[in-house]
Amino acid sequence: MKIKDILRDEEPHISFEVFPPKTDAGYESVLSATEKIAALKPSFISVTYGAGGGTSKNTVNIASHIQNDLGVVSLAHLTCASSTKEEVHQVIEKLKEKGIENVLGLRGDIPDDVQFPVSNQYKYAFELIRDIKSQGDFCVGAACYPEGHVETEHKKDDIENLKNKVECGVDFLTTQMFFDNNILYNFLYRIREKGITVPVLPGIMPVTNSKQMKRICSLSGTALPERFRAIVDRFGDDPKAMQQAGIAYATDQIIDLIANGINNIHIYSMNKPEVAGAIMKNLSDIVKV
Ligand code: FAD
């Protein structure tokens with residue numbers, strides 16, 4: 001099933017995300033976590049793509065397992081910054097062979113100390129997305145950044161670039177994580193005003209590890225609101241307390257989004273079925289599965 005069709009439903013839906021193992025040794029534990037997350041009956045599960053492109057086979061295989069064995073719609077991420085166009089085309093062919101209909105087309109982060117792009121590479125995600133669309137009948141998602149992407153100085157330019165990307169065939173957008181819903185509401189207002197009308201899935205990150213989170217936020221430019229900082233400062237050194245507070249904070253964000261008419265929310269569940277399960281339990285009368 002195509003995600004764009006799921007997004008037409010007016011009932012609230014939750015989707016989750018898993019990431020593939022860096023080495024084959026971790027494959028079984030990722031599969032086990034994925035199976036537990038699939039048992040929560042999310043609207044779909046996305047599978048990230050390793051930054052260097054080296055785990056592409058795992059992304060395809062896990063996405064295929066989710067869809068073909070576990071009966072849950074899957075979304076395979078695909079990045080292009082570390083691959084040639086030919087390598088990317090081969091991955092698209094594999095996705096087709098496995099019957100995967102949904103792809104998140106991304107540029108990926110530019111690797112350090114290499115010349116980018118070289119002649120047979122995509123420079124931006126929109127070029128990749130055009131090719132994914134031309135290679136098959138895929139439903140294609142793309143990334144967007146409510147606080148602006150770190151490489152583009154002015155938000156208005158980032159939104160212009162987003163509009164161009166969407167016009168290359170994007171069916172839906174998923175946002176970078178944010179911890180203040182007002183940032184999302186403001187972003188939605190700005191993109192709708194510019195004529196970007198595709199569905200937008202807010203990406204919610206339940207924070208369960210304070211140190212990792214501070215690092216990710218400083219790299220991605222995500223703002224940490226005072227209320228969130230207080231939680232991290234008070235509970236950051238107590239993993240169980242931090243997890244409980246992080247789940248409560250994420251639940252609160254999700255309920256506010258649903259109350260404001262946003263029906264599809266993506267959770268960065270990071271291979272943690274216990275976190276995904278706790279959130280679904282908190283929403284049991286709000287999100288019907
Ligand atoms: P693009 O859309 O190409 O944008 C990159 C930058 O280029 C932006 O600043 C944009 O404004 C600018 N730009 C775009 N077009 C133009 C133009 N024509 N002229 C000038 N500037 C332009 N990374 C992974 O490695 N694996 C994953 O699985 C993964 N999943 C992600 C999922 C989501 C929902 C999000 C939000 C991010 C994800 N990322 C992932 C990270 C992502 O790859 C990085 O943020 C990357 O730096 C940008 O990717 P993009 O697809 O948004 O790039």
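A polar contact is a pair of N or O atoms within 3.5 Å. Keep that cut-off in mind for the tour. The model on your screen is predicted.

Stop 1: Select Gly108 and the ligand. A polar backbone atom of Gly108 is 3.0 Å from an oxygen atom of the ligand. Next, select His77. An N or O atom in the His77 side chain is 2.8 Å from a ligand oxygen atom. Then look at the ligand's surface. Taken alone, the ligand exposes 990 Å², and the protein buries 85% of that.

**Stop 2: the shell.** Show the 24 residues around the ligand. Asp109, Tyr145, Thr152, Asp158 and Lys165 come nearest. Colour the shell by class: 10 residues are nonpolar, 9 are polar and 5 are charged. Which element gives the most to the shell? Select α6, which gives 3 residues. The elements that give two or more are β3 (74-79), β4 (102-106), α5 (125-135), α6 (155-166) and β6 (172-177).

**Stop 3: the cores.** In soluble globular proteins, nonpolar side chains tend to be buried together. Select Ile14, Leu78, Leu173 and Ile254. These have the most contacts inside the largest nonpolar core, which has 64 residues. Zoom in on Leu173. Leaving aside neighbours within four places in sequence, Leu173 is in contact with residues including Ala142, Cys144, Leu162, Val166, Ile196 and Leu201. Finish at a second, separate core of 15 residues. Among them are Phe179, Cys217, Leu224 and Ile231.

Note on methods: Residues are numbered from 1 along each chain as its sequence is written. This is a predicted model: local features need pLDDT of at least 70, side-chain atom pairs count only at pLDDT 80 or more; totals for chains, interfaces and linings use all residues. Side-chain values use heavy atoms; hydrogens and water are left out. A residue is near a molecule or strand if one of its heavy atoms lies within 4 Å of it. A polar contact is a pair of N or O atoms within 3.5 Å; within protein, one must be able to donate a hydrogen and the other to accept it, and residues adjacent in sequence count only if both atoms are side-chain atoms. Accessible areas come from the Shrake-Rupley method with a 1.4 Å probe; for residues, only the protein chains shown count as cover. Helices (H or I, at least four residues) and strands (E, at least two) are DSSP runs, numbered from the N terminus. Ala, Val, Leu, Ile, Met, Phe, Trp, Tyr, Cys and Pro count as nonpolar, Asp, Glu, Lys and Arg as charged, and the others, Gly among them, as polar. A nonpolar core is a set of buried Ala, Val, Leu, Ile, Met, Phe, Trp, Tyr and Cys residues joined through side-chain atoms within 4.5 Å. Buried means under 20% relative accessible area, exposed over 50%, partly exposed in between (1.4 Å probe, protein chains only). Contact means heavy atoms within 4.5 Å.
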